[in-house]
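Subject: Structure handover, with notes on salt bridges and a helix pair

Hi there,

Here is the structure I promised to pass on. Could you have a look at it alongside my notes below?

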Amino acid sequence: METTYLGVWDYVVFSLTLLLSAAIGVYYAIKSRNESSIQEFLMASGNMGVIPVAMSILLSFMSAIFILGFPAEIYTEGTQFYLQVLASMSGCVVSALLYVPMLYPLKLTSAFAYLEKRFDSRAAKLTGTCIMIIQQVLYMGIASFAPSTALEAVTGFPTWATIITVGLVSTFYTSLGGMKAVVWTDVFQSVVMLAGLLAIVIQGSIVVGGMGEVWRINEEWGRINFFNFDPDPTVRHSFWSLVIGGMIGWTATYGVNQASVQRYCALPTLQKAKLSVMLNVIGVIILLTIVCLAGIIIFAYYAKKGCDPLSAKYVTNSNQLIPYFVMEVLGYPGLPGLFISCLFSGALSTMSSCLNALAAVCWEDFLKPVLGERLTEGQKTLVTKLLVLFFGGAGIGMSFMAMNLGGTVLQASLSFTGAASGPLLGMFALGAFFPWANWIGAVVGGILGLAFPLWISIGAYTVVGAPTGLDYPTYNCSVPNTTDSMTTTMSSIMTTGPVEYTGINALYTVSYLWYPAIGAATVIIVGLIVSAITGMNRLGDVDTKYLVPFFDRLFCCLPGPISRCLRCNQEFRDPEEIASEKDEEIVIPASGDLVSSSGKEKLPLNGSGHMPVYGLSYKENNENKTGFINPAADVFNDQKQQNGTKF
């Protein structure tokens, strides 16, 4: 394969992208230098805008692997993978209807604090936290390493340079500017990604002869194939695995993933939080359509040339197809650099989101219970910045491990990150939809829910996948003495039938798209069985603010008696009401008048001169024994109440 090196203008465009990303971090570090609050650093004090947060959520999961992998999948397997659009859209809707209204009112910095509150167990929280930390560190390594190999093979840009650059730049601006820097660099990087992808689609379609010609060529070669309704779960891609299996994976991503929860909880109202997730429907339609168009355009281009780069060994794997095409077709000064910037933007956005999420959960779940009362706000913020630096180094180290140990490690890491999203979703679903599940069921289910799909994914490497059966253009390849052998090889591959697997090996042939569903189902089934054995909760033991009325949310038009029956006659408060209670403080000015923190209403006293504790659940009131406090007595006993006291 001929390596084409980048020019001066390419490096100028690329350098500007990195400098602007770093500059955003510096800007927010200077802007917030007088605000050393840890909530400002991790949650932007809850004052972010809907559009930036929506774009940040979208870009957190649209990494460089996405830019390289989606077009490669369309190129090699046809257009069926485009059904992932339906899966992603469904995941956004389900998340906005079920999980955002449950988690947002709790105002959690760490999503896994929900597990502790719902199951009344620190062990349940730490089980989810540990799964997430391992998953995110591995994924950071993948996000840096995957594009680096493709770039080095096609452009000569060194693998180590890509890894170091992505790691240092993302760690730099995340540690300086916190959540605001991450969100606004995501906004900037989304523009760069969109520009790079549009350059490929526009220039590529012009070279081929228009989108009509692109579509005709792909139809001629059997690439236009959207619907395969085969219910066999071992079929790699079918309508069911792409839409149903994919929806479960995307629900885990948008609904309960730490990076998503941290972002939509940084918005001022519940409606804006739901809107930020719903806006991702538009985002995924645009991005997935563009990358899938890139896939069919690249195939049409090489079909017209009569030579598939994979068959001709011009590239060693399908992830190198996009960079190879860019260097061949987008040969204008600066355009290859724009594409490189596009790839780096995908890697940077993913890594910075992972770093921000990891710092948040480590502080909240591990360090805050130990150090929270001992440190000032400035010291707490410094600790979280050091956590960002630590995990940045861990991500770079993971990338170099993947580089040194080879492709198998990369595949295993990808499978693990996919398998880990299922059990995390399963733990949240077990808590939200099954009030009788207890903490032992959640912990045992979470561990087995991770182990089972991970075992399947590792075993899958011993199973040879079935051939695609699609033809590739090789009649005009200019490699001496190889055309005939390649044609013969392709013919033999296409005429060879799939291998039959029996026993335990048959389990390893299950489509990877079902791994999240398998993990989530394992958590729920095992969790309910273990809960039944160890003693289920009774109805009323769990505060309904930690539960979700599933049928009420998805089927709002059900008759009242049926709806009450389906929610076991439990009454659920409006999430907006819960959110407002969470933020409400009782303020007792020096004058002695009792008013809410908003100053808009006086707070009522009961007959004995006591006042109900606003914002506390029934369970929390019981923990106070009486459920009431006597603010007057507390105030008169406190000699420091000259400027007013907050409860």
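First, some conventions. This is a predicted model, in which local features need pLDDT of at least 70 and side-chain atom pairs count only at pLDDT 80 or more, while totals for chains, interfaces and linings use all residues. Residues are numbered from 1 along each chain as its sequence is written, and side-chain values use heavy atoms, with hydrogens and water left out.

Salt bridges

Ten salt bridges turn up in a search of the whole structure (a side-chain nitrogen of Lys or Arg within 4 Å of a carboxyl oxygen of Asp or Glu). Here are some of them.

Lys125 pairs with Asp365, with 3.9 Å between the closest N and O atoms. Because Lys125 sits in helix α7 (residues 122-155) and Asp365 in helix α15 (residues 335-371), this pair ties together parts that are 240 residues apart in sequence. Helices here are DSSP runs (H or I, at least four residues), numbered from the N terminus. Lys125 and Asp365 are both buried (under 20% relative accessible area, where exposed is over 50% and partly exposed is in between, using a 1.4 Å probe and protein chains only). Together with Glu116, Lys125 and Asp365 form a network of salt bridges.

Arg236 and Glu73 make another bridge, at 2.9 Å from N to O. Arg236 is in the loop between α9 (211-220) and α10 (239-256), and Glu73 is in helix α4 (residues 64-77), 163 residues apart. Glu73 is buried at 10% relative accessible area, whereas Arg236 is partly exposed at 38%.

Glu220 and Arg216 also form a salt bridge, their closest N and O atoms being 2.8 Å apart. Both residues belong to helix α9, four residues apart, or about one turn of the helix. Glu220 is exposed at 57% relative accessibility, and Arg216 is partly exposed at 39%.

The helix pair

The axes of α18 (residues 439-459) and α21 (residues 515-534) come within 7 Å and cross at roughly 145°; axes are lines fitted to C-alpha atoms over the stretch in contact, with angles running from 0 to 180 degrees between N-to-C directions. Which residues of α18 and α21 meet? Among them are Gly441, Gly445 and Phe452 in α18, and Ile518, Gly519 and Val526 in α21 (contact means heavy atoms within 4.5 Å). By class, this contact has eleven nonpolar, ten polar and no charged residues, with Gly counted as polar.

Best wishes

Conventions. Helices (H or I, at least four residues) and strands (E, at least two) are DSSP runs, numbered from the N terminus.
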